[in-house]
Amino acid sequence: MARRYEQNKRYVGIDLAKRTMEVCILEGGRIARHGFKTDAEGRGRLIKLLRKSDTVAMELCCCALKL
């Protein structure tokens, strides 16, 4: 069963690893992909990309955590 998404809504998926993150943004039926490092610069670039109205889902595993 296919899900229906709101046309005017952005959905952001973030796959977080220890040193990198992959970001996919679904907006209006189009997908944009971005790759960033998890350092301060990469996190800043991600923050500039996000909007307050975005629906965000994040995936990470225990290897992504800095102990």
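This is a predicted model: local features need pLDDT of at least 70, side-chain atom pairs count only at pLDDT 80 or more; totals for chains, interfaces and linings use all residues.
## Sheet layout

The sheet is open and has four strands. Their order is β3-β2-β1-β4, and the pairing is mixed. Two strands stand at the edges: β3, residues 30-37, and β4, residues 55-60. Each has a single partner strand, so one side of each is left without a neighbour in the sheet. From one strand to the next, the twist averages 15°.

Strands of a sheet pair through backbone hydrogen bonds, in either the parallel or the antiparallel sense. Both senses occur here, as the strand pairs below show.

## Two hairpins

Strand β1 covers residues 10-16 and strand β2 covers residues 20-27. They pair in the antiparallel sense, over seven bridges. Three residues link β1 to β2 in a hairpin. Several partners can be named across this pair. Tyrosine 11 stands opposite leucine 26 of β2. Valine 12 faces isoleucine 25 of β2. Leucine 16 has methionine 21 of β2 as its bridge partner.

β2 also pairs with β3, again in the antiparallel sense, over eight bridges. These two strands form a hairpin with two residues between them. Glycine 28 lies in the turn and has a positive phi of about 60°. Isoleucine 25 has alanine 32 of β3 as its bridge partner.

## The parallel pair

β1 and β4 pair in the parallel sense, over six bridges. Here valine 12 stands opposite valine 56 of β4. Valine 12 also stands opposite isoleucine 25 in β2.

In soluble globular proteins, nonpolar side chains tend to be buried together. In this model the largest nonpolar core has seven residues: Val12, Ile14, Met21, Val23, Ile25, Phe36 and Leu46. β1 and β2 are the elements that give two or more residues to this core. The largest share, three residues, comes from β2.

Isoleucine 25 belongs to this core. Which residues does isoleucine 25 touch, not counting residues up to four places away in sequence? They are Arg10, Tyr11, Val12, Arg30, Ile31, Ala32, His34 and Leu49.

Note on methods:
Residues are numbered from 1 along each chain as its sequence is written. Side-chain values use heavy atoms; hydrogens and water are left out. Two strands pair if DSSP finds at least two bridges between them. Axes are lines fitted to C-alpha atoms, for helices over the stretch in contact, and angles run from 0 to 180 degrees between N-to-C directions. A nonpolar core is a set of buried Ala, Val, Leu, Ile, Met, Phe, Trp, Tyr and Cys residues joined through side-chain atoms within 4.5 Å. Buried means under 20% relative accessible area, exposed over 50%, partly exposed in between (1.4 Å probe, protein chains only). Contact means heavy atoms within 4.5 Å.
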